[in-house]
Amino acid sequence: MKIAAAQKITTFLMFEGDAEDAMTFYTSLFDDAEVVNITRYGADGPGVEGSVQQATFSLAGQQFMCIDSPAHHDFTFTPAISLFVQCEDEAEIDRLHAALSEQGTELMPPGNYGFSTKFTWVNDRFGVSWQLNLPAAS
């Protein structure tokens, strides 16, 4: 398990079979993104062979961990905790909104809510919540 020593606290995402798809999708959205490492369940279990036992990926210098839980849980992600992205320009916020909202749920459509130039909040197709913000020009 490789975690950057400089990052003491890491966001941990638990999936039930979608960890690799989610990680691949997220790293495709950002220029500065990569899969740092991935360990898979073997034939001995307890998870489905080949599924993600533990993985670390990086988005814009921030590391995240994810797993495919071998146990079913009666809970999933909630928008009470979300990933907040400061977008560089309108093209970026529009691109991210389109990708993340596809097969997801729009919680707040893109608009000016008074605290920034443009803001939107979505739950992606995996259930992870994203706030996308285009700050007002300084």
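What is the relative accessibility of A33, and what does A33 count as?

Analyst: First, the ground rules. This is a predicted model, so local features need pLDDT of at least 70 and side-chain atom pairs count only at pLDDT 80 or more, while totals for chains, interfaces and linings use all residues. Residues are numbered from 1 along each chain as its sequence is written, and side-chain values use heavy atoms, with hydrogens and water left out.

Now your residue. A33 counts as partly exposed because its relative accessibility is 23%. On this scale buried means under 20% relative accessible area, exposed means over 50%, and partly exposed is in between (1.4 Å probe, protein chains only). Skipping residues up to four places away in sequence, A33 touches T27, S58 and L59, where contact means heavy atoms within 4.5 Å.

A33 belongs to strand β2. Helices (H or I, at least four residues) and strands (E, at least two) are DSSP runs, numbered from the N terminus. Strand β2 covers residues 33-40 and runs antiparallel to β3, with 7 bridges joining them; two strands pair if DSSP finds at least two bridges between them. In that pairing, E34 faces S58 of β3. S58 also stands opposite Q63 on the β4 side.

β3 itself is a well-covered strand: 7 of its 8 residues (52-59) are buried, so the rest of the structure largely encloses it. On to β4 (residues 62-68), which is antiparallel to β3 and joined to it by 5 bridges. Their hairpin has 2 residues between the strands, and A60 takes a positive phi near 50 degrees there.

Zooming out, β2 is part of an open sheet of 4 strands in the order β1-β4-β3-β2, with mixed pairing. Its edges are β1 (11-15) and β2, each of which pairs on one side only. Neighbouring strands of the sheet are turned by 20 degrees against each other on average, direction ignored. The axes behind such angles are lines fitted to C-alpha atoms, for helices over the stretch in contact, and angles run from 0 to 180 degrees between N-to-C directions. Helix α1 (residues 19-29) packs on this sheet, touching β1, β2, β3 and β4, and its direction makes about 10 degrees with that of β3.

What about the interior? The largest nonpolar core has 28 residues, and Y26, L100 and W130 have the most contacts inside it. Such a core is a set of buried Ala, Val, Leu, Ile, Met, Phe, Trp, Tyr and Cys residues joined through side-chain atoms within 4.5 Å. The elements giving two or more residues to this core are β1, α1, β3, β4, β5, α2 and β8, and α1 gives the most, with 6.
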